[in-house]
Structure formats: C-alpha cells, structure tokens
Amino acid sequence: MIIAVASGKGGTGKTLVATGLALSLKDNVQFFDCDVEEPNASIFLKPKIEKKEIVYLPKPIVEPSHCTGCGKCAEVCQYNAIAVVKGKVLIFNELCHSCGACSLACPEKAIFEVDSEKGVLEGGRSNDIEFWQGSLKVGEAAPTPLIKALKKKVDNKKTVIIDSSPGTSCPMVEAVKDADFVILVTEPTPFGLNDLTLAIEVVRQLKIPFGVIINRCDKGDEKVELYCQENKIPILIRIPFDRKIAELYSKGIPFVTEKKEYLVKFREMFKLINKELS
Amino acid sequence: MKQIVVISGKGGTGKTVITASFAALAKNKIMVDADVDAANLYLLLNPKIKSENAYVGSQSAFIDAEKCIGCGKCEEVCRFSAIAEKDEVYCVDDLSCEGCGSCVLVCPEKAITLEKEETGKWFVSDTKYGPFVHAKLAIAQENSGKLVSVIREKAKDIAVEKNADYVIIDGPPGIGCPVIASLSGIDTAIVVTEPSLSGMHDMERVIGVAKHFGVETKAIINKYDINLENTENIKKFCEKERIEVLGHLPFSDIVSHSIVKGVPIVEFCDEKIAKDIANIWEKIK
Ligand code: SF4
Ligand code: SF4
C-alpha cells in the first residue's frame, strides 16, 4: 500500500507527519522523500546511506560540421530552448525538457545527445525502515524526472510512505499520483485553508481517497474544521500546538520519540486507512 | 526601480507575512505574488481585481482516432510515457504529456496535433497598498515558472509606467523552475529562514541557487527563539557566506491572529515584532 503525505502549503508539518508515521509502523516500511527540491526527512530518520545513483537526462549538442543552420530544431522545440542566430545554434539548457524533438527534426542528423546530471538518488536504512530520497541539483529547474526515477524503487509489497513536495503543480502530482491514500496536512489559518482546498482538488481529480491532519490545530480559526465537516472529509488527527514539538523539530528529533501518545495515534490512523481501503 | 523577492527554500517560514508587511511599509511600489502554485498574499492584501487574463501555459498532444493506424511510432518516441495503446488505437494521458511534439513529428498519418490549454489566470488588482499582480495556476499543471515570468513582466511594465521605486515579490518555496523564474533580474533576494535543521538545510540550497544566478541575498531569521543555538549557527553561516542578516523575529502568536484577520502584521499591532519588521525594511530600502 502506498500512502502519500502532501500539503498545498509548505511548512504545515508534512515531514513531521510522514516521518512520525514511518516510525510508528516500522515493520516492512519503505520511505520516500519525494520533496526533491528541499529533501528534509533524512534529518529526522538519519538513515545510513548505502547506495547513490546519479540521475542523468539527455541534453542536445550540435555537431557544427554537419549543421547547415536551417533552424528546424528551433522551430520544433516547444520550450524555446533553441535559438538559431546567424546560422549558429544556441541551446539554453535550463529550458530544455530533454524531449528529443530537436534531434528527431534535424534533417542533417547534426544533433546528438549527451548525459547531463539532474540530481542524485540515495538509498539506505534507518533501523527497520528502508529509506530513499532524491535531491535536485542546485540550479536545475525540473524536479519531476527525479521524482519519477525515485518512484521506480517503490516495492508494492511494502507499506510505502511518500513525503511529497508542497504545492499543487507537477511535482506534487508526480509524487502522489500512484498512491492508494493521501494524507493532507494543513494548519487552521486562511493560508492553510486556501491551500488545502487546492490540494483537495488535485487529489479528487486523481480519484485518490484522502483525509486531513490539522497541525497546530489550536492556532487559528474554525474554518478548516467547518470546511472538512461540510464536505465530509475525515479529520484523521489533530495536533495541538506544543512548543516542545517545535523545539524537537528544530533539532531534527522526530517528535514521536518523546510524545509517545502519537505513536498510538498514527497506528490507529493507519488501521483506519487500511479498513477504509479494503 | 528595485526588484526585491522574498524566498525561503522551505515553506511556512513566514515569507508571505513578511512580504505583506513590506508592502504596507514601502512607498510607491508594485506587489507580485510569484507563488502561483499556492498563492496566499492576496489573503492579506485584499485585492480588487481590475483585469483578469487567461494564461495559456501548456499544450497536450491529441490523437485523432479516425486517422490513427496503430503503428505505435508515437509511443516509441514519447519520453514521458504519455502514450499508450487502448483497443488498437493510441491515446494520450494529459497529465503525463509535456506537449513536446515529438509524436507529431513521427506520426506517418499526421493524426496528432498539439492543442493549447488554458492552465491558469493572472490578475492585475488594486489594493490599498498599490497595484498587485497575481495569478492562479490551474491545479495539477506544469510550467509555473513561465507564469511567474508572465506576471513579473507585467509588474515591471506597470512599475515603469508609474515610475515606481520597488517591485516587491512574494516568491515560491523550493529551488525549482518557479524559484529560478522569480530570481531572474532581481536586485535583492531576501531569504526568510527559521532555526530548525530543515529550515537551515533549505536555506543553504536556495542561497546556492541565488548564487548560481548571481543574485545578491540577505537573510531574516524568523522564530529565532525556538532554537537559539541554531540561530547562532545561521548567523555564522551567513557571515561566512558574506550574507547580511537583516534581523531576527521572535516566535509570536500574533502572527496567526493577523493572518486570520487578513491584515499585514505591521498594521495589525504595535508589538515588538511589528517594529522589528519595520526596522528590517529600513535596512532594505
Ligand atoms: S531536447 Fe526538446 S526541449 Fe531540449 S532543446 Fe531539443 S527540442 Fe528543445
Ligand atoms: S507531445 Fe511529447 S509528451 Fe506529449 S504525447 Fe507527444 S511525445 Fe509524448
């Protein structure tokens, strides 16, 4: 079973919940930090990294001696990653999606592709938990190819927990799309509600069952509660604000190791999700 | 005219609360919400929308089932696994398709076309603080970087026309394409961080991106009293990297109250945190 932990708004406690859940279940758990722009779960799970794989994507290069400067490549590139100026081809790597259209289109076969590094996948263990994370190379624009590569490591026989990236656009969709259940973490402020409703739209469009965890549930107003009630959205856990939790978080200590009552809450939530899915 | 963007790497560090306060403090400025993916600044600025514009941000391949002979060449070239066979005709999965057009190039029957899609809207609004350019990306869309560029371009036009002194931008979280689009042509990037190991890790990465693109950065440490030791470490890091720390703000309940009320915190109260933010703005402007 795959459970993805996501949130429209960043900083609501996504990683806190994902790592807390993983530590509550332990057995047979595979954990994926798919927030490849800013991976943080390893700070809490402190895995021993055993494997590293660089993720490459092809990028086009022009062989000048074959190029006639016809401009076909620039014409077909849908991302404006190629310009042909005075018969010379200029390629803007940061705009390139590695789609290969330019090399398909070149009548002189003057474009070939070389590997370009996009980031790194790392795998290891944190006690009983199998851990994976991806980390986008600084300066690279596109996180989705890395998330795709990461998700190839998913073992369906395990309980898979995915820590998604925030937001509601392509990286978030890529992270949650094959999940059996999505946990949306929010906070009870207008910001939290605004971004929660967007995230719910995405999860509904993907037709994945979901529930909500309200973090710092006593800091804000009632609107998130009311919204969930009105729309019959299950609230899985409420976590009241606790300075101790914030301090543990700041030190990279998983809060469930000191607030043991949450171990039980997470296990109960997991049972509930299981029941709902069967 | 000075373009200032507020970023953080990690979400939820207080970026939008601080940007809204700058909006209230600065004179003669234009505001932009570049977090088009989960836009929140409008909740504090109370905009009246003056113009609404469609954003045609992406395209998807469409296969005409009548013309498709089922050769499968399109599936072969598609690098995004967006094409699959169903009952001997080929279909495109819109969510995976990146609209690259490779399939169009190889289809021998010319059965494939690229169709443009409206993937968001952008707005020019009036607020009591001045003009505000913001957007709403349709859910589950890519290319938010391009939408960021569109609204920033518009904001710049308005700034030139009105002879504004500042363009103040609320940036997106992360380090990917919308962040890169938010950083281009910026005079100063302000990184709002918090003294948690996650906040520090993310700050270092986003500062790396700003450096990569040659943008000057300055830092604000928010909720500094949650972990004083980490706050010291952030200061040391910034000193080493020659990044000016503009100030540090305490953890405060008033922040969530001001969000609930929908008012920039510097207008919501006279507490120390409001004065601290005002002092920070004095250093930036
Ligand atoms: S590989 Fe695709 S995106 Fe990259 S330059 Fe060629 S056509 Fe453009
Ligand atoms: S346009 Fe590109 S991504 Fe879309 S289906 Fe065709 S080859 Fe695949």
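What span should the 13 residues of helix 8 of chain B have at 1.5 Å a residue, and how far apart are its end C-alpha atoms? The points below take up this question and some neighbouring ones; the model is a predicted one.

1. Helix 8 of chain B runs over residues 228-240. At 1.5 Å a residue it should span 18 Å, and the end C-alpha atoms are 19 Å apart, so the two values agree.

2. Some residues of this helix are hidden from solvent. B:Asn230, B:Thr231, B:Ile234, B:Phe237 and B:Cys238 are buried in helix 8 of chain B. They cover an arc of only 120° around the axis, and therefore sit on the same side of the helix.

3. The other side of helix 8 of chain B holds exposed residues, namely B:Leu228, B:Glu229, B:Lys236, B:Glu239 and B:Lys240.

4. What do the buried residues pack against? In chain B, the partners of the buried residues of helix 8 are strand 11 (188-193), helix 7 (197-212), strand 12 (217-221) and strand 13 (244-248).

5. At the start of helix 8 of chain B, a side-chain oxygen of B:Asn227 comes to within 3.2 Å of the backbone nitrogen of B:Glu229. After the helix comes B:Arg242, with a positive phi near 55°.

6. B:Ser182 has 0% relative accessibility; because buried means under 20%, B:Ser182 counts as buried. Leaving aside residues up to four places away in sequence, B:Ser182 touches B:Val5, B:Ala34, B:Val148, B:Arg152 and B:Pro172.

7. For chain B as a whole, the secondary structure comes to 11 helices and 13 strands. The C-alpha atoms fill a box of roughly 70 × 40 × 35 Å along the principal axes. Of the 285 residues of chain B, 59% count as buried. The accessible surface of chain B is about 12,000 Å², and 48% of it belongs to carbon and sulfur atoms.

8. Contacts in chain B can also be sorted by separation in sequence. Among those between residues at least 6 apart, 78% join residues at least 24 apart.

9. Chain A is divided into two parts: domain 1 (2-55 + 120-277) and domain 2 (64-109). The C-alpha centres of domain 1 and domain 2 of chain A lie 40 Å apart.

Note on methods:
Residues are numbered from 1 along each chain as its sequence is written. Chains are lettered from A and ligands numbered from 1 in the order in which they are written. This is a predicted model: local features need pLDDT of at least 70, side-chain atom pairs count only at pLDDT 80 or more; totals for chains, interfaces and linings use all residues. Side-chain values use heavy atoms; hydrogens and water are left out. Domain bounds come from an automatic or database domain assignment. Helices (H or I, at least four residues) and strands (E, at least two) are DSSP runs, numbered from the N terminus. The expected span of a helix is 1.5 Å times one less than its number of residues. Buried means under 20% relative accessible area, exposed over 50%, partly exposed in between (1.4 Å probe, protein chains only). The arc is that of the directions from the helix axis to the C-beta atoms. Contact means heavy atoms within 4.5 Å. A polar contact is a pair of N or O atoms within 3.5 Å; within protein, one must be able to donate a hydrogen and the other to accept it, and residues adjacent in sequence count only if both atoms are side-chain atoms. Accessible areas come from the Shrake-Rupley method with a 1.4 Å probe; for residues, only the protein chains shown count as cover.
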